[in-house]
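Please open the model in your viewer and keep the selection panel at hand.

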Amino acid sequence: MQQLKIFNTLTRQKEEFVPLYPPHVGMYVCGPTVYNYVHLGNCRTFTSFDIIYRYLTHLQYKVRYVRNITDVGHLENDADEGEDKIAKKAKLENLEPMEIVQRYTLDFHSVMQLLNNISPSIEPAATGHIVEQIAMTQKLIDNGFAYESKGSIYFDVSKYAEANYEYGKLSGRVIDELVAGSRDLDGQHEKHSPEDFALWKKASKEHIMRWDSPWGEGFPGWHLECSVMSSKYLGLQFDIHGGGMDLKFPHHECEIAQSVGANGVEPVRYWLHANMLTINGTKMSKSLGNSILPQELFAGTHSLLTQAYSPMTLRFAMLQTHYRSTMDISNDALKAAQKGYKRVMNGLRIIRQLVYVENSQNVIDTKQIEEIRRLIDEMYEGMNDDFNTAVALAALLNLLKKINSIHNGVFPIYTLDRDTFDLLKKSYITFVEDIFGLKEEDETSLQQVMKVFLEIYKEAKHNKNFEQVDKLRTHFKSLGVVVKDMKDKIDWSYEE
Ligand code: AMP
Ligand code: ZN
């Protein structure tokens, strides 16, 4: 089998994958900021890394997969200004910030489960690592790469450059451009230079998420948590760091600077970035107001959708695109994915039932055998070429044609030798289930969808948004479901 090659965003080339301590692999993926429901864009990035995790595991690597939960420090604007996203939502809803965190973490987990994404080995939260974040900030001050200004601590980009470290090497940004491009923002006057970024922010009187520190009460900057938690659980140097393309700058650029400034070593061997999910060519994002929630897709309630699409249909659509290419969501693409998914699952049922039978006449068809073996190699070649699921899936669909031909009697099973048949069966099942993560969907999916959907319903009721409550009830009806508002809880049942 050929060697796995990975495109490294840092070196901008495909490199052979050589882990630091084989067979162990350390992989860190930036998780969601849990202030809102995850949208399909977020889902795409997490599913891309799920498939990468699955494939590495299939190759017998022992992967420690860390995906964090951002529950503090992500400000509305990446340039260290604005309110904390979670604190803002908590104020708006008159809830504890941790109630917001709990609600959206649960939503995130349900959606990940529906999409059949495997849970990470460790899922650390930023608020659980405040002590370590303070310690790292202190280390950066001690090393001369950070300074205090009005109770906040900032990373000093020019000191970093003076020490001959290259800020901007991941994203390709040049410091002068950053300075010229910066606006006169809130908090900028505290910084020595606009490209500096916050490690620790002083909490204003109104700020509700705050911790004691050597510099007074405050809260950590967003980038710091990932440097702290990746090094804590994977070591100062580890193999893979992932996230969406939009995190390259400033988030990941700052992460490198923090880790190098504090520990003197390059933290990550391979930087991987998943490309954006777009809608009509524009990045799907909460702030642009064009986001579709997975629940809306699964129930078909979004105005841009002509019907409901299941979690596995969405997963199939994602597999059809390489993770480094943009993926545009559309009814046509989803309809095609729905068909493709059903065909692949049919193939799975067929191949499971097929039993090899020998024939005394021994009429082996070497051409068929070669073609089947070639297609299996192509699936591996696709995955080994920077996890190209599009190529691997295309080969699998061709393999499916062979399976259907055997099933329909176009060519009898005994024209294959037993080894080839066993390999065909094993490879098809392994790729569909273990690597692509596709599973059979049945009624239980509706139950899972309803669990997630009822959360939105409850929230609409809580906010007295009766228009949305009515709309949701109509949609439930179309699914053959009635919602029951009981005294102490909300439940549902199938319509009688
Ligand atoms: P956030 O919750 O905004 O921190 O985002 C969580 C993850 O989703 C990050 O890795 C983002 O890069 C990723 N992400 C956000 N929007 C999109 C999108 N439209 N397509 C793909 N990934 C996205
Ligand atoms: Zn991160």
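A polar contact here is a pair of N or O atoms within 3.5 Å; within protein, one of them must be able to donate a hydrogen and the other to accept it, and residues adjacent in sequence count only if both atoms are side-chain atoms. The model is predicted, with local features requiring pLDDT of at least 70 and side-chain atom pairs counting only at pLDDT 80 or more, while totals for chains, interfaces and linings use all residues. Residues are numbered from 1 along each chain as its sequence is written, chains are lettered from A and ligands numbered from 1 in the order in which they are written, and side-chain values use heavy atoms, with hydrogens and water left out.

**First stop: ligand 1**

Select ligand 1 and then Met284, where a polar backbone atom lies 2.7 Å from a nitrogen atom of the ligand. Now show helix H1, which contributes four residues, the largest share of the shell around ligand 1; helices (H or I, at least four residues) and strands (E, at least two) are DSSP runs numbered from the N terminus.

**Second stop: the zinc ion**

Select ligand 2, a zinc ion coordinated by Cys30 (SG), Cys226 (SG) and His251 (NE2) at 2.0 to 2.1 Å. Donors are N, O and S atoms within 2.8 Å of the metal (3.2 Å for Na, K and Ca), and because water is not among the atoms, sites may look incomplete. Cys30 sits in the loop between strand S3 (24-29) and H1, and Cys226 in helix H7 (residues 222-234), so the pair ties together parts that are 196 residues apart in sequence. Are these two cysteines buried or exposed? Cys30 is buried, with a relative accessible area of 5%, and Cys226 is buried at 1%, where buried means under 20% relative accessible area, exposed over 50%, and partly exposed in between (1.4 Å probe, protein chains only).

**Last stop: helix H14**

Finally, select residues 418-435, which form helix H14. Its buried residues, among them Phe421, Leu424, Tyr428 and Phe431, pack against helices H1 (40-58), H11 (331-353), H12 (366-384) and H13 (389-407), contact meaning heavy atoms within 4.5 Å. Just after H14, select Gly437, which takes a positive phi of about 70 degrees.

Notes:
Expected span 1.5 Å × (residues − 1).
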